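Dear colleague,

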Amino acid sequence: MYWKLLEEDNTCNNIIFNQMKISILADNYAGTKTPAEHGLSYLIENKGKKILFDTGQSDLFMQNARGLDISLADIDAIVLSHGHFDHGNGLGNLTGGLLICHPGCFDLHYRKTDHSYVGLKYSREELADKFNLVTTSQPYHITGEVVFLGEIPRLTDFESKTTGFTYKDGTPDFVKDDSGIAILSEEGMFVVTGCGHAGIVNTIEYAKLVTGTDKVCGIIGGFHLKSENQQLRQTISYLRTNNLKYIFPSHCTELPALTCFYENFRIRMIRTGDCLNFPQ
């Protein structure tokens, strides 16, 4: 696989395909003129609809949108992939409109290592006052072609078996609220994840079930793969078997995993300021 950067200016660093566009407003790696933070925020434009997928941990996604000459004034929906600070604390900079998430996003999430808080700084009540809040563990159709997956079943024997998170009482937290969206196109289904805590294979397989299609053309987002281990090897084998055309690991996918993805798929690094256009 090969993608060519066509231009660098004060708009997006464009990677041209065709119609659906994903603009990287926040991610871990900075672009030429767009700063970064540990977080994720994508603007997805598809068939006249705009979906803001996560908001990072600050107002950086808004700063970068302004720098890229992208308007966030006419968003049709906001999707929160899960209730961690680096994906949802930027919500405090917005108000109004539809916000979709799993009800578990408002659980209190902590790191296992030092019991530091990693959850949202906003309560369900606070966000319900600001937005038309829809919480669901079931799939939710945003448009005819775009569906929020809801709670993703953990079925594989190599994913979501350990966790670095706990609840306040110390019991293991496997981030049950982790979700994503599936976008249908003529090329197949395209999946967007925030961190992939449920597992990339679990996520794609559930998206197949929800959408009724077995043809998957691409995936982008945090894959939560950290080292060269069985989970990484099984994930890469699965993606190869399913012949995905577009594979964009980002955010929480760490260097050993990125190296393996490069060796297998010749991926390119996702950075803030990138705009990816895909066929429909």
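In helix H5, the buried residues include Leu232, Thr235, Ile236, Tyr238 and Leu239. Viewed down the axis of H5, the buried residues fall within an arc of 160 degrees, so they line one face of the helix. Please bear in mind that this is a predicted model.

What do the buried residues of H5 pack against? Their partners are helix H4 (200-211), strand E15 (246-250) and helix H6 (255-265).

The length of H5 was also checked. The helix covers residues 230-241, and its 12 residues should span 16 Å at 1.5 Å a residue; the end C-alpha atoms are 16 Å apart, which agrees. At the start of H5, the backbone nitrogen of Gln231 has a side-chain oxygen of Asn229 within 3.2 Å. After H5 comes Asn243, with a positive phi near 55 degrees.

E6 pairs with two strands. Strand E5 (residues 77-79) runs parallel to E6 and is joined to E6 by two bridges, with Val79 opposite Ile100. Strand E8 (residues 132-135) is likewise parallel to E6, and four bridges join the two; in this pairing, Cys101 stands opposite Thr135.

Yours sincerely

Terms used: Residues numbered from 1 in each chain as written. Predicted model: local features only at pLDDT ≥ 70, side-chain atom pairs only at ≥ 80, totals over all residues. Heavy atoms only, no water. Pairing = 2+ DSSP bridges. Expected span 1.5 Å × (residues − 1). Buried < 20%, exposed > 50% of the residue type's maximum accessible area, 1.4 Å probe, protein only. Arc of directions from axis to C-beta. Contact = heavy atoms within 4.5 Å. Polar contact = N/O pair within 3.5 Å; in protein donor to acceptor, adjacent residues only side chain to side chain.
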